[in-house]
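Subject: Structure handover and what turned up in it

Hi,

Here is the structure I promised to pass on to you. Please have it open while you read, as the notes below follow it element by element.

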Amino acid sequence: HGGAPTAALVGAGITLLTLVAALPFTFAGFMRARDYGLSVQSIHGWLWSWVGGALLAMLAVALLAMLAGFLIRRLGRTWWLAFGVCLIALSIAFQMLSPVLVEPLFADFKVAPKGQLRSEVEAIAQQSRVDAGEIYVVDAASRTTGANAYVAGLGATRRVVIYDTLLKDFSAAERRQVIAHEFAHAKHRDLIAGLVWFAFVAMVSLFAVDLLARTLARRREVDFASPAALAMVAAAAMLAIAVSQPA
């Protein structure tokens, strides 16, 4: 049993191989966006962002693999139940912390100053009866010509984020329409609904992952509590994600 370090290595290694395998297609999509003027990033800038995202993904999966390995050894057949609960809790924590810990790594966010924009957003929030939280403007123009806005975070990290391209290239009426659309998501609690749906899909998928991974382990005569079985868990998880993604 290699323990936590081996589990982390297996998780990070599988993630890296998956990302590298998909890299040609991801890069082709980026170049397509550049050809049509949607992306304005340089190839160097895009690759740097890809590397940063890949490292974060590898770290996240490495930690999850360590957790899964620990639970498999300690709980046996019921590991997937405990792992599912942990996964749901981590998803909630990610939604709460991502705006302050992850997103600033890839973009520059500035608090919207007092003025027309802040007044517009606050007026729409009041009319929608939605807690807007803080209002930020993000430097999207350095990466894309696309325009958008979104509501992110939970509780103390709740915020409205507006692309600077939406401020530069669209009229005030168009801007208000986009912002009102985003507040509708908040008003109808779409983020919470998404988390509840994720919890359901995650538990069902993890049950299927356990069954499939154990079947693979038996056929290959692998101890399910060994780090080698984590590769089978990862393979089963990829299949479960592919099948459940349409839902």
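**Overall layout**

Please keep in mind that this is a predicted model. The protein chain holds eight helices and four strands. Read from the N terminus, the order of the elements is α-α-α-β-α-β-β-β-α-α-α-α.

**The helices at the start of the chain**

How do H1 and H2 run relative to each other? Their axes come within 7 Å and cross at roughly 150°. Angles over 145 degrees count as roughly antiparallel, which makes H1 roughly antiparallel to H2. The crossing in which H1 passes H2 is right-handed. As for the residues in this contact, 21 are nonpolar, four are polar and two are charged.

Helix H2 (residues 43–75) also packs against helix H3 (residues 79–101), at an angle of about 150° and with the axes 9 Å apart. H2 and H3 are therefore roughly antiparallel to each other. Here, too, there is a right-handed crossing, with H2 passing H3. On the H2 side you will find Leu64, Leu67, Ala68, Leu71, Ile72 and Leu75, which meet Trp79, Ala82, Phe83, Cys86, Leu87 and Leu90 of H3. Sorted by class, the contact of H2 with H3 has 12 nonpolar residues, no polar ones and no charged ones.

**A link across the sequence**

Leaving aside residues up to four places away in sequence, Ile88 touches Phe198, Ala199 and Met203.

**The sheet**

The four strands form an open sheet with mixed pairing, in the order S1-S2-S4-S3. Which strands stand at the edges? They are strand S1 (109–111) and S3; each has a single partner strand, so one side of each is left without a neighbour in the sheet. From one strand to the next, the twist averages 30°.

Two of the pairings deserve a look of their own. Strand S2 (residues 134–138) pairs with S4 in the parallel sense, over five bridges, and Tyr136 stands opposite Val161 of S4. One helix is involved here as well: H6 packs on the sheet, where it touches S3 and S4, and its direction makes about 25° with that of S3.

Strand S3 (residues 149–152) and strand S4 (residues 159–163), by contrast, pair in the antiparallel sense, over four bridges. In this pairing Ala152 stands opposite Arg159 of S4. The hairpin of S3 and S4 has six residues between the strands, and Gly153 takes a positive phi there, near 85°.

**Helices H4 and H6**

Back to the helices for another packed pair. The axes of helix H4 (residues 116–128) and helix H6 (residues 172–187) come within 10 Å and cross at roughly 40°. That makes H4 oblique to H6. H4 passes H6 in a right-handed crossing. From H4, the contact uses Gln116, Leu117, Glu120, Val121, Ile124, Ala125 and Ser128; from H6, it uses Ala172, Arg175, Arg176, Ile179, Ala180, Phe183 and Lys187. By class, the contact of H4 with H6 divides into eight nonpolar, two polar and four charged residues.

**Aromatic pairs**

Searching the whole structure gives six aromatic pairs. One of them is formed by Phe27 and Phe30: the ring centres are 6.0 Å apart and the planes stand at 45°, so the pair is tilted. Why are these two residues separated by about one helical turn? Phe27 and Phe30 are three residues apart in helix H1 (residues 3–35), and that spacing puts about one helical turn between them.

Best wishes

Methods
Residues are numbered from 1 along each chain as its sequence is written. This is a predicted model: local features need pLDDT of at least 70, side-chain atom pairs count only at pLDDT 80 or more; totals for chains, interfaces and linings use all residues. Side-chain values use heavy atoms; hydrogens and water are left out. Two strands pair if DSSP finds at least two bridges between them. Axes are lines fitted to C-alpha atoms, for helices over the stretch in contact, and angles run from 0 to 180 degrees between N-to-C directions. Angles under 35 degrees count as roughly parallel, over 145 as roughly antiparallel, 65 to 115 as roughly perpendicular and the rest as oblique. A crossing is left-handed if the near helix is turned anticlockwise from the far one by less than a right angle, and right-handed if clockwise. Contact means heavy atoms within 4.5 Å. Ala, Val, Leu, Ile, Met, Phe, Trp, Tyr, Cys and Pro count as nonpolar, Asp, Glu, Lys and Arg as charged, and the others, Gly among them, as polar. Rings of Phe, Tyr and Trp (its six-membered ring) pair if their centres lie within 6.5 Å; planes under 30 degrees apart count as stacked, over 60 as edge-to-face and the rest as tilted.
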